[in-house]
Amino acid sequence: MAIERTFSIIKPDATARNLTGAVNAMIEQAGLRIIAQKRVRIPRNQAETFYGVHKARPFFGELVDFMISGPVVVQVLEGENAIAKYREIMGATDPSKAAPNTIRKAHAKSIGENSVHGSDAPDTAAQEIAQFFAGNEIVG
Ligand code: ATP
Ligand code: MG
């Protein structure tokens, strides 16, 4: 298995409830290393670009409004098989369908306000990391 990097967002519902540390503990417990991290507010145009793949979906407007509703913590995670591993510990998009001991099962409020984002493939991971971090902000 290869060492990979993936992009993570701790979403506004989680930062609002002071869950940054709780989410980070689950990430580190799973063996992933947080090699870049910053707390930001995402501008509307950047949120629209980031979730552009969902533009035609009925929840797109709600999703963008949510992602800009408060601070988020953006991160780069590194480890063996990091992309799939993070998706696994995040759990299903809908927390009522998420497996036990996943971040979304433990913390998500709803299918929309679901606490975390993780990249779904190597190409999107690379694009998403580059959208939020300069090379010298990532220290592996
Ligand atoms: P993410 O891309 O944030 O990691 P995901 O890959 O599990 O989540 P996607 O299908 O890519 O799920 O949906 C992106 C985000 O859009 C979800 O995380 C959630 O916040 C929101 N979303 C998805 N489906 C719905 C829905 N039916 N109603 C409201 N919001 C939704
Ligand atoms: Mg997705």
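**Ligand 1 and its shell**

The shell around ligand 1 holds five nonpolar, six polar and four charged residues. The model is predicted. In it, ligand 1 takes up the space of the largest pocket. Three helices and strands, namely α4 (60-67), α5 (82-90) and β4 (116-118), each give two or more residues to that shell.

**Residues around the ligand**
- The shell counts 15 residues.
- Y51, T93, G112, N114 and H117 come nearest to ligand 1.

**Polar side chains at ligand oxygens**
- Y51, one of the nearest residues, places a polar side-chain atom 2.6 Å from an oxygen atom of ligand 1.
- For H54, a polar side-chain atom lies 2.9 Å from an oxygen atom of the ligand.
- R104 has a polar side-chain atom 3.1 Å from a ligand oxygen atom.
- Taken alone, ligand 1 exposes 580 Å². The protein buries 81% of that area.

- The relative accessibility of S8 is 0%. Buried means under 20%, so S8 counts as buried.
- The S8 side chain makes a polar contact with the side chain of Q75 at 2.8 Å.
- The side chain of S8 also makes a polar contact with the side chain of Y86, at 2.9 Å.

Definitions and conventions:
Residues numbered from 1 in each chain as written. Chains lettered and ligands numbered in written order. Predicted model: local features only at pLDDT ≥ 70, side-chain atom pairs only at ≥ 80, totals over all residues. Heavy atoms only, no water. Near = heavy atom within 4 Å. Polar contact = N/O pair within 3.5 Å; in protein donor to acceptor, adjacent residues only side chain to side chain. Areas by Shrake-Rupley, 256 points an atom, 1.4 Å probe, with all protein chains shown as cover. 1 Å grid on protein atoms, 1.4 Å probe; cavity = no way out; pocket = protein on both sides within 12 Å on 5 of 7 lines; lining within 4 Å. Sits in = over half its atoms within 2 Å of the grid points. Helix = DSSP H or I, 4+ residues; strand = E, 2+ residues; numbered from the N terminus. Nonpolar A, V, L, I, M, F, W, Y, C, P; charged D, E, K, R; others polar. Buried < 20%, exposed > 50% of the residue type's maximum accessible area, 1.4 Å probe, protein only.
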